[in-house]
Amino acid sequence: IHPMATNLTAINIMAGKRMSTKELNLKDQITLFVNDAGAHLEKVEGMKIKQGLLELINVPKSIIKFNMPIIRDNGIIETVQAYKVQHSYHKTPCKGGIRYSPGVNQLQTEGLAALMTFQNSCNGIPFGGAQGGVKIDPRMYSVSEIERITRRYSVELAKKGFLGAALDVPGPDLGTNSSIMSWMKDAYSYTFGHKDINASACVTGKPLSQNGIEGIQDATALGILVGTNEILNHPKFCEKYGINVGLKGKTVIIQGYGSIGAGLHRLFQDAGAKIIGVIEHNSGIFNENGLIYNEIISHWRQRRTFVGYRKAKIASNKNFQDIFYRKCDILIPAAIERSVSKDNADKIQAKVVIEAAHGPTTYEAQQILEGRKIPVIPDLLINVGGTMAEYFEWLKGLSHSNVGRITKGWEEKTLREMVSLANVPKNKLKLLTEGTEENIVKAALEDIMKDSANKVLNYSSKYNINLRLAAYAISLSQIIETYNDGGITFQKLKKNFIGEKKKKKKVLC
């Protein structure tokens, strides 16, 4: 298994024929969701949206596609396609992932960049949306070849104004990891960013030695758990869809066992849920009595397949993907976009779908599931924990200090004095005073995630609409507010500032 291939599920599926080809691409489907949100804001809330503003918000602002050479280890020169899309400048810098996959193309990159715009806005993260990608299968290249591709890609982005702490701050995505982010930072710091004191903040998801941040490894899965807990403990939501309140005891099936899928297995199990099915690109397992995380992850890491695992009814056969359609309380697509389409939405037997991937449910599938009273907890709300942690890492890079380092001593001293008055036992004092960077990051993530979930839940309940429409409506209204308050660049400048020669005044001597 190649060390650069961080999510084999998605890479394999995207290279195959799993996705429906009859539906719109991700970019156009997001446009439909946004237009629905715009219609809701106008008709229900009475918001006046300026003509043409929705089109401005929907279209990407900058797109580059370029071909770059790579010298393979055997001396052969290979030309590689690369992309970068900046979808929105309503907030800067732009933020999104860098994807290394054979499925990378312009439309996909545009769609993922658009999703980042609305995801950031929905959760109050002050970034515009962006996305980048290189069209390669990282398993087919050596580590040194991946490094050369990454450094060349980084320089090309910086040269074109698509990389920098104040411009565009990418993070890891499918097929990339902390090593690749470290190489990107290093390439930028020693070329275009050599005079930039904030150069290390040009990317996120870096190793700790490269000014990364603690707590980012589980951030995406933790955000999904916190958001799910908040939603499933909301009485009105559960009553509307006929779901028992709470996460404890619920049965779960996970599609995808990369870092997010495996992390969700562990966290959901610890929260009292029962994981009964796991699906990968080459095998799947199902056990109605539950699958134990430690056993499954050990088997998967050793073999990269579930074949041979004996404590499950299904290991590998032609129909292992049918686990996706088994009865369960919660179905979690954690692999790729368009996993739930109009072709299979009527087969879903889950009571709730949680989107742990980007764009796993298509526009038409959303309508089918909603008609069947199966709620979807949308990606732009729930799949944002990683971006939140990366936002904290970016702030850390700009401040040139570890999170909480300056205030930690004072806070612990104050807390010790307070608890001494309350006679707290000494063996519990450490639990109260341990303000590590990881704990601070996780606490902040949980707080923001709870606020976002409740905001969307309350909006959904107020207008009796589904969670996705509520999330897009909240996100879109905030973007519109930004444009209304800030104005459209240059729209009110006088003509002589945009091309006409200014008439010289006569001067009387």
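The model is predicted, so local features rest on a pLDDT of at least 70 and side-chain atom pairs on a pLDDT of 80 or more, while totals for chains, interfaces and linings use all residues. Residues are numbered from 1 along each chain as its sequence is written, and side-chain values use heavy atoms, with hydrogens and water left out.

We can start with an open sheet of five strands, ordered S1-S2-S4-S3-S5 with mixed pairing. Strands here are DSSP runs (E, at least two residues), as are helices (H or I, at least four residues), numbered from the N terminus; two strands pair if DSSP finds at least two bridges between them. Strand S1 (62–71) and strand S5 (168–172) form the edges, each pairing on one side only. From one strand to the next, the twist averages 20°. Five bridges join S5 to strand S3 (residues 94–100) in the parallel sense, and Ile98 has Pro172 in S5 as its bridge partner. Helix H6 (residues 178–189) packs on this sheet, where it touches S3 and S5, and its direction makes about 155° with that of S5. Contact means heavy atoms within 4.5 Å; axes are lines fitted to C-alpha atoms, for helices over the stretch in contact, with angles from 0 to 180 degrees between N-to-C directions.

Further along, strand S7 (residues 274–279) is mostly covered, with five of its six residues buried (under 20% relative accessible area; exposed is over 50% and partly exposed in between, with a 1.4 Å probe and protein chains only). A hairpin of four residues joins S7 to S8.

Turning to charged side chains, the structure holds 23 salt bridges (a side-chain nitrogen of Lys or Arg within 4 Å of a carboxyl oxygen of Asp or Glu). One of them pairs Arg148 with Asp73, the closest N and O atoms being 2.8 Å apart. Arg148 is partly exposed at 34% relative accessibility, and Asp73 is likewise partly exposed at 47%. Arg99 and Glu337 also meet in a salt bridge (3.6 Å, N to O). This pair links distant parts of the chain, 238 residues apart: Arg99 in strand S3 and Glu337 in the loop between strand S9 (328–333) and strand S10 (350–354). Arg99 is buried at 5% relative accessibility, and Glu337 is buried at 6%.
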